[in-house]
Amino acid sequence: MNWWDDALHRATVEVLLCGALAGLVGVQVVLRRLSFFTMALSHATFPGVVAASIIGVNILLGGVVAGGAVALGVAALSRRRGQNAASATGVLLAAGFAVGTGLVATQSGFSRDLSSFLVGSILTVSAADLVITAMVLLLVGAVLVACARPLAYTGFDRTGAQAAGFATGVWDVVLLLTIETVVVTIVPAVGTILALALIVAPAAAARPWATRLSTLTVLAVVFGAVSGLAGLSLSTRWDIAAGASITLTATLLLAMSLLLAKTKEAQRGRQG
């Protein structure tokens, strides 16, 4: 039997790729405090993947279209006077999830298991899904490296970036679309609901242990991959849902990191 014919083998590669991908973009999410937007985006992809399944096309395409529309909508609304990103994101979150639920309700005998969209179904990923995830990982890595300077400027010194001639609105859209691409890519693995934890937790766990962006990124990628692999291992050992297991593992990793960091800080305080 071919190595790729084994569902567990494919799932193992997928969780490593998804964990690394989530950790990579999670650094930007955590540093820019975009966790709420990422949650909204993961929910807003729901109608896209449902619609894609109904009409018989790849769910990645549907998620990209829906998520891209939400990302552009948030960027546009948050730039209007009297509007803020949080309120715009909250409205679009509810609207997107409502549209997805409505689409499901219109389809009697819906052929796809709804839970696979919500919490993932990593054991059903195909070789094509692995290729797509690997390509997205390379693409996102290239974008973040190539655009590191303008993204850093616009994220940490917006006024200085504008004075230096950077189009801050454009770079905001670039980052939001990058996050959206990652969210859509990891939906088959952990679902629309659980994607947020896999994106945020590894980067948040790495933050107490690094001051340089490059070091933080490497740690977040490693923590993301470890969370995915350990979560899948626990899932197969204890026969629990893989998406939930991966998410809980990432959350536990974050809790342990924060506890160790607090303990280390307390020890330094006593020594000082």
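These are my notebook entries on a predicted model of a helical protein.

**Entry 1: ground rules**

I number residues from 1 along each chain as its sequence is written. Because the model is predicted, local features need pLDDT of at least 70 and side-chain atom pairs count only at pLDDT 80 or more, while totals for chains, interfaces and linings use all residues; side-chain values use heavy atoms, with hydrogens and water left out.

**Entry 2: the overall count**

I looked up the secondary structure. The protein has 11 helices and 0 strands. Here helices (H or I, at least four residues) and strands (E, at least two) are DSSP runs, numbered from the N terminus. Read from the N terminus, the elements run α-α-α-α-α-α-α-α-α-α-α.

Next I checked burial. Of the 272 residues, 46% count as buried. Buried means under 20% relative accessible area, exposed over 50%, and partly exposed in between (1.4 Å probe, protein chains only).

Then I checked contacts, meaning heavy atoms within 4.5 Å. Among contacts between residues at least 6 apart in sequence, 74% join residues at least 24 apart.

I tested the length of H10, which covers residues 213-238. The expected span of a helix is 1.5 Å times one less than its number of residues. I ran the same test on H11. Its 30 residues should span 44 Å, and its end C-alpha atoms are 43 Å apart, which agrees.

I also listed buried residues. In H10 they include Leu 216, Phe 223, Gly 228 and Leu 232. In H11 they include Ala 242, Ile 246, Thr 249 and Leu 254.

How do H10 and H11 pack, and at what angle? Their axes are 8 Å apart, and the angle is about 130°. Axes are lines fitted to C-alpha atoms, for helices over the stretch in contact, and angles run from 0 to 180 degrees between N-to-C directions. H10 and H11 are therefore oblique to each other. Angles under 35 degrees count as roughly parallel, over 145 as roughly antiparallel, 65 to 115 as roughly perpendicular and the rest as oblique.

The crossing of H10 and H11 is right-handed. A crossing is left-handed if the near helix is turned anticlockwise from the far one by less than a right angle, and right-handed if clockwise. Among the residues in this contact are Phe 223, Ser 227 and Gly 231 of H10, with Ser 245, Ile 246 and Leu 253 of H11. The contact residues divide into 8 nonpolar, 6 polar and no charged.

**Entry 3: helix H1 and its partners**

I turned to H1, residues 7-31. The axes of H1 and H10 come within 7 Å and cross at roughly 145°. This crossing is right-handed. The contact includes Leu 16, Gly 19 and Gly 23 of H1, and Ala 220, Gly 224 and Gly 228 of H10. I noted 15 nonpolar, 7 polar and no charged residues there.

H1 also packs with H6, residues 127-146. Their axes come within 10 Å and cross at roughly 20°. H1 and H6 are therefore roughly parallel to each other. H1 passes H6 in a left-handed crossing. One finds Arg 10, Glu 14 and Leu 17 of H1 among the contact residues, along with Asp 129, Leu 130 and Leu 137 of H6. This contact divides into 14 nonpolar, 3 polar and 3 charged residues.

I picked Val 131, found in H6. Val 131 is partly exposed, with a relative accessible area of 48%. Val 131 and Glu 14 are 117 residues apart in sequence and 9.4 Å apart in space, C-alpha to C-alpha.

I then picked Phe 46 in H2, residues 35-55. At 2% relative accessibility, Phe 46 counts as buried. Phe 46 and Ala 98 are 52 residues apart in sequence and 9.2 Å apart in space, C-alpha to C-alpha.

**Entry 4: positive phi**

Most residues other than glycine have a negative phi. Which residue in the loop between H1 and H2 did I look up? I looked up Arg 33. Its phi is positive, near 60°. Arg 33 is exposed, with a relative accessible area of 77%.

Asp 239 lies in the loop between H10 and H11. Asp 239 has a positive phi of about 55° although it is not a glycine. At 70% relative accessibility, Asp 239 counts as exposed.

Definitions and conventions:
Nonpolar A, V, L, I, M, F, W, Y, C, P; charged D, E, K, R; others polar.
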